[in-house]
Amino acid sequence: MFSIFEYVLIAIYVAVLMIVSRWIGQQAFSWMPPQATAESQRVDDLFSFLVSIGVFILLGLVGVMVYAIAFHRAPPEDYTEGHPSRGDGRLEILWTATPTLLVIWIAFQSFNIYQQLNILGLNQIVHLHTPLESAPAYAANVSDIPKPASETIDVFVRQWDWSFRYPNNVTSKELHLPLNRSTRLKMQAEKVIHGFYVPEFRLKQDIVPGRNIEIVITPIRQGKYRLKDSQFSGAYFALMEADVYVESLDKYSQWLAQTVSSDRTFAPNQAVAENIQPPKTLFKSGWYTVTPAQPAVANERKINNDT
């Protein structure tokens with residue numbers, strides 16, 4: 001049996017573990033790219049929580065092993081076996097109940113955060129402090145800030161090309177998003193599964209052919225980002241990237257107006273450029289390679305026959 005002093009030491013050790021694991025969990029926020037959407041805050045909260053739990057378990061096990069090695073080593077000539085733990089009902093319950101409760105706790109925290117992500121729809125309000133680059137964003141009451149405008153942008157993806165159609169029916173190779181405004185992205189894939197992923201947004205959504213996939217994002221940080229395909233979609237999927245711009249509502253509206261008046265151009269497609277190059281090796285594998293889609297027309301305005 002443990003003495004009162006030993007129980008006190010264990011309590012102090014657990015308290016120190018909780019403080020250290022919590023501190024490291026807070027440091028985990030700096031391991032990720034800057035938060036560029038309101039949704040990224042919830043995802044980072046979950047990441048920090050999981051890091052704290054992992055550090056607590058790791059340091060706890062390492063501490064127990066170091067304590068056993070330092071104070072409970074067998075003498076050099078002692079080859080007897082230790083006390084068997086099999087059949088100890090209390091120990092069996094402890095190491096069965098503890099992981100079970102821990103997994104349930106993690107599942108609850110994950111569900112809670114993902115539920116908040118689902119609530120972040122077109123009515124979400126985000127209050128920004130100044131300066132934007134250094135201060136976090138906090139949810140505010142609807143009565144504090146006027147209701148933001150909503151946008152719906154169609155996202156089309158194919159091997160290996162991204163294109164975006166805006167509310168004014170203009171198609172572009174760039175994704176422009178208004179700052180502090182919730183935007184709905186309606187995504188469609190042509191042949192294979194693709195993945196919409198911007199590291200600073202923290203949201204990764206698979207796009208399945210034949211299905212209309214929608215996500216809602218709320219950009220809170222101005223800047224230029226890079227859209228990547230998170231799913232392996234063939235030989236040139238690493239080249240499948242697009243520029244993402246988060247800008248003020250005035251600049252976003254100005255860009256839409258300029259795009260309408262711009263001339264139609266064929267956007268460059270690096271996959272097509274590499275596909276037409278001659279082989280760089282002396283040996284041919286004979287593997288079948290999908291021919292990249294031809295460059296799409298940028299700044300093209302689609303005529304709406306209903307109007």
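How exposed is R226, as judged by its relative accessibility? In this predicted model, R226 has a relative accessibility of 32% and therefore counts as partly exposed. The legends below begin with this residue.

**Figure 1. The salt bridge between R226 and E241.** The side chains of R226 and E241 meet in a salt bridge, with 2.9 Å from N to O. R226 belongs to strand β11, residues 223–229, and E241 to strand β12, residues 241–247. Salt bridges with shared partners join R226 and E241 with K224, K228 and D243 into one network.

**Figure 2. The salt bridge between R202 and D44.** Side chains of opposite charge can pair when their charged atoms come close. In the pair formed by R202 and D44, the closest N and O atoms are 2.7 Å apart. R202 lies in the loop between β8 (194–197) and β9 (204–207), whereas D44 lies in helix α2; the pair therefore ties together parts that are 158 residues apart in sequence. Are these two residues, R202 and D44, buried or exposed? Both R202 and D44 are buried, which means that each has under 20% relative accessible area.

**Figure 3. The salt bridge between K204 and D206.** K204 pairs with D206, and their closest N and O atoms are 3.1 Å apart. K204 has a relative accessible area of 43% and is therefore partly exposed. D206, at 27% relative accessibility, also counts as partly exposed. The structure as a whole holds 10 salt bridges.

**Figure 4. The largest pocket and its lining.** Rolling a probe the size of a water molecule over the atoms shows where empty space is left. The largest pocket has a volume of about 1500 Å³. Its lining is made up of 38 residues, of which Y13, V14, L17, F56 and G60 are the closest to the centre of the pocket. The elements that give two or more residues to this lining are α1 (4–27), α2 (38–71) and α3 (89–119).

**Figure 5. Make-up of the pocket lining.** Which element gives the largest share of the lining of the largest pocket? Helix α2 does, with 14 residues. Sorted by class, the lining holds 25 nonpolar, 10 polar and 3 charged residues.

Notes. Residues numbered from 1 in each chain as written. Predicted model: local features only at pLDDT ≥ 70, side-chain atom pairs only at ≥ 80, totals over all residues. Heavy atoms only, no water. 1 Å grid on protein atoms, 1.4 Å probe; cavity = no way out; pocket = protein on both sides within 12 Å on 5 of 7 lines; lining within 4 Å. Points joined across faces, edges and corners; volume = space filled by probe spheres on them. Helix = DSSP H or I, 4+ residues; strand = E, 2+ residues; numbered from the N terminus. Nonpolar A, V, L, I, M, F, W, Y, C, P; charged D, E, K, R; others polar. Salt bridge = Lys/Arg side-chain N within 4 Å of Asp/Glu carboxyl O. Buried < 20%, exposed > 50% of the residue type's maximum accessible area, 1.4 Å probe, protein only.
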